[in-house]
Amino acid sequence: MSSAGTKLGKQDCAAPQTKLRALLVEDNALDAALVLRALNKDGFEVAANIVQDEAEFTRSLRAHPPEVVLADYNLPMWKGMDALKVLRAEALDIPMILVSGALGDVTAVECIRQGATDYVLKDGLARLPEVVRRALREKQERSLRHQIEQDLALKVDELARSNADLEQFAYVASHDLQEPLRMVTAYTQLLAERYRGKLDESADKFIGYASEGAQRMQVLIQDLLAFSRVGRQETSSASVDCNDVLKEVLQSLAAAIAESGAVVTHSELPAVWADRTQVAQLLQNLIGNGIKFRGPEPPAISVLAEKADERWQFSVSDNGIGIAPEYAENIFIVFQRLHARTEYPGNGIGLAICKKIVERNGGKIWAESQPGSGSTFKFTLPGHGPEERIVAQ
Amino acid sequence: MNTAEVEILLVDDSPEDVALTLHALRGENLSNRVFVAHDGEEALEFLFCTGPHAERSFDPPPKLVLLDLKLPKIDGLQVLKQLKGDARTRTIPVVLLTSSREERDRIVGYELGVNSYLQKPVDFDEFRKTVKLLGLYWLVTNQPPVINVKSHLAGQR
Amino acid sequence: MMHLLLELLVVDDNPADVALISEALAGTKYHSKVTSVGDGVEALAFLYRRDKFVHAVRPDLVILDLNLPKRDGLAVLAAMKAGPDLRLIPVVIFSTSQLRKDIMRSYEMGANCYVTKPGNLNGFFSAIKSIEEFWFGFVNLPQKESNG
């Protein structure tokens with residue numbers, strides 16, 4: 001029968017006392033005593049329960065959870081290895097050390113493979129304390145690592161949720177703001193047209209400022225919406241013919257191209273694996289910028305592509321005002337502008353949208369430029385999707 | 001022509017009227033996206049993707065059907081009835097553009113669900129103006145039932 | 001043959017938009033009389049000539065917004081298409097919504113066309129003027145009812 005909480009007297013010990021709660025699966029009183037003595041000699045103050053079958057084992061496990069299980073391999077009513085099954089069923093990570101008579105190497109390795117922490121022969125009990133110490137140490141490291149992983153997972157979760165909230169907010173805010181803004185824009189414009197010259201000069205000026213402000217707000221809200229939409233909508237990737245997309249983009253920019261006398265040239269563009277609408281937006285923003293930030297000459301913009309391993313690297317180059325190298329990274333930050341509103345229009349979202357699009361589609365974007373000598377924006381996109389790699393092009 | 005890019009289906013058996021209509025649409029840069037059917041049967045084959053048009057798909061649909069009433073094989077009202085009676089084609093904007101002056105035709109047309117009914121002006125210039133306005137109204141002012149035709153095309157590639 | 005006076009019913013809960021519509025139509029060569037109602041219930045009362053609208057005139061064209069209080073635009077459209085007298089009246093949906101489902105539902109329920117409210121003044125005026133010009137200047141409207 002089991003004896004609860006058998007505590008043996010302290011023996012002479014070399015090492016300082018370490019408290020240890022152990023659960024022994026052993027039917028032989030002498031063997032049990034020998035095990036406990038070996039531990040005591042090496043500085044363990046053991047509080048041990050001794051059990052012989054599965055029912056007692058499970059009861060003791062639940063009532064007094066041990067730090068280590070020491071099990072005899074071969075018992076008349078139960079196999080020591082079956083203790084492992086119970087530990088697993090109770091979802092307990094407690095080291096189990098087999099204490100056994102002769103155990104062939106093959107069997108020993110098999111036991112460890114099945115989950116036993118270690119094994120010690122009954123005529124080699126001097127090893128036992130060290131084995132127990134190592135098992136406890138490893139358990140501690142495991143627990144620590146597990147805790148760290150859990151904390152990390154929680155933080156990642158929080159961050160993802162916070163990001164989602166922000167994007168949701170940006171979307172809702174910009175969406176809901178559009179309606180009242182539409183009213184302000186329409187009516188300030190109407191006021192400007194209807195009453196120009198009919199009130200005093202100050203009135204014209206004031207209405208002008210209000211009107212301008214409203215229109216700028218409209219563009220800003222639309223850009224914010226576009227920016228938040230890139231994050232919200234499902235990116236549906238497919239094989240996209242960039243020549244086709246470029247043609248559409250140039251059509252949308254037709255007015256700006258005509259007005260600035262811009263010339264846009266391009267090499268034969270490849271097919272990429274990306275979201276078509278987003279690629280169109282990307283090209284439209286980059287080429288649009290080339291037209292917008294022009295120098296004294298009419299804009300000359302070129303769109304080129306070259307293969308870089310499994311990806312395509314695009315370059316959109318212009319002959320515009322250029323960017324100082326120290327700002328080359330800043331420009332991709334949302335709302336970051338380098339010029340006064342009176343010099344060049346825009347609110348600094350275009351490139352942030354480009355960056356978001358490129359990264360969402362699995363690529364990178366960067367700028368190479370010098371003030372006064374134009375800019376080149378380079379970005380990469382995958383050439384094909386995951387399955388297509390197998391099919392020959 | 002790639003029938004996926006058709007934006008206007010013109011159903012008319014009069015060669016002169018067809019020529020005049022295409023000329024008027026060309027002024028608005030719309031004439032290369034027009035498919036001409038010369039009788040009611042061909043119009044239905046086109047819209048229901050059967051016969052010679054079996055490889056055409058319902059999506060994207062044309063943004064406008066300009067339909068005459070007096071047509072060989074199957075007349076305009078019959079075509080209209082079938083279009084508006086089928087869920088796959090019911091939302092396609094249909095405009096009856098006809099030389100008929102019968103009040104009855106107009107009422108029946110609207111009862112069958114035609115989106116609008118216009119009489120073909122006899123005067124050359126008026127005809128051109130009418131077609132031009134039709135093209136602009138239904139392709140520019142109006143929002144047709146399918147939004148981004150090109151994204152559908154991209155998915156099909 | 002054109003009416004001397006064309007009746008236009010505008011169903012929109014935003015008085016600012018109704019005012020803009022009237023502004024856009026003032027001074028065109030078509031003589032439209034604009035009546036406006038602010039929600040779906042009033043719209044149907046007007047169309048069925050009930051209560052305070054017992055002397056209302058049947059409109060030649062309805063410009064219908066979708067987002068309305070009490071009963072929304074699609075409900076008004078459905079009611080119009082269910083009634084034998086009202087279902088032939090052309091309906092132009094005029095809404096800020098660009099949602100695919102709003103556009104599709106409108107067409108499915110029998111709207112004649114769908115025009116998105118432009119965000120800028122010129123676009124707005126231009127859209128309303130196009131609507132008026134097309135429906136009152138070129139289209140043969142279904143009913144010729146003696147008004148007045």
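How many helices and strands does chain C have? In this predicted model, chain C has five helices and five strands. The points below describe chain C, then a helix pair in chain A, and then the confidence of the prediction for chain A.

**Chain C**
- Along the sequence, the elements of chain C follow the pattern β-α-β-α-β-α-β-α-β-α.
- Chain C has 148 residues, of which 41% are buried.
- Among the contacts in chain C with a separation of 6 or more, 67% are between residues 24 or more positions apart.

**A helix pair in chain A**
- Two packed helices are described by the angle between their axes and the distance between the axes.
- In chain A, helix α1 (residues 29-41) and helix α5 (residues 128-195) have axes that come within 8 Å and cross at roughly 75°.
- The helices α1(A) and α5(A) are therefore roughly perpendicular to each other.
- On the α1(A) side, A:V35, A:A38 and A:L39 take part in the contact, meeting A:L128, A:P129 and A:V132 of α5(A).
- The residues of this contact comprise six nonpolar, no polar and no charged.

**Confidence in chain A**
- The average pLDDT of chain A is 85, and 93% of its residues score at least 70.
- Over residues 1-13 of chain A, pLDDT stays under 50, and the model has 22 contacts beyond four places in sequence for this stretch.
- Residues 389-393 of chain A also have pLDDT under 50, with one contact beyond four places in sequence.
- Where pLDDT is low, the predicted coordinates should not be read in detail.

Conventions: Residues numbered from 1 in each chain as written. Chains lettered and ligands numbered in written order. Predicted model: local features only at pLDDT ≥ 70, side-chain atom pairs only at ≥ 80, totals over all residues. Axes fitted to C-alpha atoms, helices over the stretch in contact; angles between N-to-C directions. Helix = DSSP H or I, 4+ residues; strand = E, 2+ residues; numbered from the N terminus. Parallel < 35°, antiparallel > 145°, perpendicular 65-115°, else oblique. Contact = placed C-beta atoms within 7 Å. Nonpolar A, V, L, I, M, F, W, Y, C, P; charged D, E, K, R; others polar. pLDDT = per-residue confidence, 0-100. Buried ≥ 20, exposed ≤ 12 C-beta atoms within 10 Å, placed from the backbone.
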